[in-house]
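Here is a short tour of how the parts of this structure meet. Start with the sequence and the structure below.

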Amino acid sequence: MIKIDDYIPVVGQAVIDDLKRISEKLKDRKIKNINSTPVGGGVAEILSRLVPLLNELGIQTCWDVIKGGENFFEVTKKFHNAIHGKKEDISKRDFEIFLKTSEENISQIRTEEDIIFIHDPQPIALIENKKDNKWIWRCHIDASNPDKKVWNFLKKFIINYDAVVFSAPAFSSPLPVRQFLISPSIDPLSEKNRELKKEEIESVLKKYNIPKDKPLLTQISRFDRLKDPIGVIEVYKRVKKNVDCRLLLAGGTAIDDPEGMEVYYEVLEKAKHDKDIIILNMQHNDFEVNALQRASDVILQKSIKEGFGLTVAEALWKEKPVVASNVGGISLQITHKYSGMLCYSIDGAAFAVKQILNNPAYGKKLGLNGKEHIKNNFLITRHLKEYMLLFLSLYHNKDIIYF
Amino acid sequence: MNEFIADSPFKFYTRLHLSELTGYKAYNLKELLKILKKISGSSIYYHTHRYLQQHQYLSPEPPNDFAYWVKEGLGEDKLAEKLASIDTIQFSSIRELRNKIIDTIKKYIIENPLSKKRQANSNQGFYFIKAISFVFYTGYEVFTLQEFCNVLSKITIDSIYYHIFESRLRLEKGKNDFSNWIENSLFEKQIAAEIDKIDPYTHTMEELRNTIIKIIKKRIEK
């Protein structure tokens, strides 16, 4: 079990002292997080790290997960896509399914804690349970250009919250509720990000039969159309014309994403005639993801839409050169040509990958700058600090607050 | 060696901040000006000081968000340079700094009328954010120059930030807290003046810490 003091060698004693200082002001508060999946995806991953640390700091924090059938998650996946701006056919029946499952959860989940922290749209309707406690809605999705029908439906719930949190400034929109900007984070000590020995990396490459005889381009993401795995194969094909390389597309699916398997089969079909394309539909395994990222020469994140794109932060933390779409929170993590390469198209991404493969020293510099940026801005200790400040802000309404 | 003991201690505070989204967005200079005139001082403060804490190492970021956006979002490099080189240390209040930014943009528009027509892409707007500051007492109290130096070497950069930037400009104390105490409680006018003379906006936070420690150590070792 990782303890708060274990982060001292990474961020310094003073940062940890600050965390303890803030937590003193929240000692008598109870907090409950609610989301829709216990594993898979960035939200569950962050909560699995933050909840134990908040408890260690003396703030009683728990985590609950709503229940829902296949129909419900098909609807919420449509909502998810529609918030990202994708055209979705959402019927009256879909809204009814959402409300019916929400009602079941409203009657089953207890919400008497001081602060209820709701993550993403799936549990948003639980706000119906609000009494005199504080409620926060955390939107992890890029809501900069949402489908109006879905957004207006969700807005009826959002306006009853005490605060809303977005990951990037562009995701916010005019709302009669206080809105805060808090980026997600990675945990440098987790299995996914800790330093690995050479033998550990090699053991994973051996397990999946990945030779290291040529440069390895990798995208690790859920099999999801918004992550554009087909586009990644196109990028690889363009690079391959000039530089011999291998592509690894690795990912899995989450229980709240029924589209996953369908996309996986599309990717298999697209890659079937090329032996240098490796497709891995992996079980959740942080250690293996860590090893695959560290074994790669270039990491791609060619998403069409992205909430934040934590895989970028993970790769940069490992000093890897990253080529990523300029969407969602990715531009907060990468300064183009300084700490990575931002792109807008398949051609642009392919050009950037070739530049890096042909100039390894340049790739190394991008990775080093990237790690420094992540260290200063996107580690879990910063996230923990901002969540605690957010909790405190619910009880204060001034721009400068003295304790 | 100076072992003078002050009557009243220097108390180290630290300032942690949270970013609050204001909902205001600009896509051209006209909109930027309009919002600049009415937005809270906490937002002006955020956009002119954010980089100091976010980029603690040397980076290619220009020193304020307005300059960065004018260059990257609108392609107005000349105006970006003018905004980036505003000498923030000259101003003793956010109000004065706001007026300087507004005047710089207004003057540029008069000299370059076409600049008014430049429009940022829909995904490259300027989003106004404000800083919510949480000020905590760190528990460190010092009475001598040596003690001050010891604590300064281990305190977080957030604490240095609070005493140097926030209290001078946002709380309008005129001078940074370190110089104030060293001058008025230790009666070390020269050191106070030397620290006050540093332009903190051209240093990274760690450089700033080291520069102040160096000035104090020099005096202690005399």
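## Where the two chains meet

The contact draws on 38 residues of chain B and 35 residues of chain A. This is a predicted model. Together, chain B and chain A bury about 3,100 Å². Carbon and sulfur atoms account for 60% of that area.

What charged and polar links cross this interface? Two salt bridges are counted between chain B and chain A. One of them pairs Arg178(A) with Glu20(B). Their closest N and O atoms are 2.7 Å apart. The rule also finds 11 residue pairs in polar contact across the interface of chain B and chain A, both residues being at pLDDT 80 or more.

## The chain B side of the contact

Which elements of chain B give two or more residues to the side that touches chain A? They are β1 (10-26), α2 (41-54), β2 (126-142) and α7 (157-170) of chain B. The largest share comes from β2(B), with 11 residues. By class, this side of chain B holds 18 nonpolar, 12 polar and eight charged residues.

Strand β6 of chain A, residues 178-181, is joined to β1(B) by three bridges. The two strands run antiparallel. Within β1(B), Glu20(B) is the bridge partner of Phe180(A). Glu20(B) also takes part in the salt bridge with Arg178(A).

## Two domains in chain B

Chain B is divided into domain 1 (20-130) and domain 2 (142-220). The C-alpha centres of these two domains of chain B lie 28 Å apart. In the contact between them, 18 residues of domain 1 of chain B meet 16 residues of domain 2 of chain B. The two domains of chain B bury about 1,600 Å² between them, and carbon and sulfur atoms give 58% of it.

How many salt bridges cross the interface of domain 1 of chain B and domain 2 of chain B? The rule finds zero. It does find six residue pairs in polar contact there, both residues at pLDDT 80 or more. On the domain 1 side, the elements of chain B that give two or more residues are α2 and α5 (94-111). The most comes from α2(B), with six residues. This side of domain 1 of chain B has nine nonpolar, seven polar and two charged residues. Helix α2(B) is also among the elements that give two or more residues to the side touching chain A.

## Two domains in chain A

Chain A is assigned domain 1 (4-185 + 380-393) and domain 2 (198-377). The C-alpha centres of these domains of chain A are 27 Å apart. Here 27 residues of domain 1 of chain A are in contact with 22 residues of domain 2 of chain A. The buried area between the two domains of chain A is about 2,000 Å², with 61% from carbon and sulfur atoms.

Two salt bridges are counted between domain 1 of chain A and domain 2 of chain A. Asp142(A) forms a salt bridge with Lys305(A), and their closest N and O atoms are 3.9 Å apart. Three residue pairs are in polar contact between these domains of chain A, both residues at pLDDT 80 or more. On the domain 1 side, α3 (41-56) and α4 (70-83) of chain A give two or more residues. The most comes from α4(A), with five residues. By class, this side of domain 1 of chain A has eight nonpolar, 13 polar and six charged residues.

Notes: Residues numbered from 1 in each chain as written. Chains lettered and ligands numbered in written order. Predicted model: local features only at pLDDT ≥ 70, side-chain atom pairs only at ≥ 80, totals over all residues. Heavy atoms only, no water. Contact = heavy atoms within 4.5 Å. Buried area = accessible area lost by both parts, 1.4 Å probe. Salt bridge = Lys/Arg side-chain N within 4 Å of Asp/Glu carboxyl O. Polar contact = N/O pair within 3.5 Å; in protein donor to acceptor, adjacent residues only side chain to side chain. Helix = DSSP H or I, 4+ residues; strand = E, 2+ residues; numbered from the N terminus. Nonpolar A, V, L, I, M, F, W, Y, C, P; charged D, E, K, R; others polar. Pairing = 2+ DSSP bridges. Domains from an automatic or database assignment.
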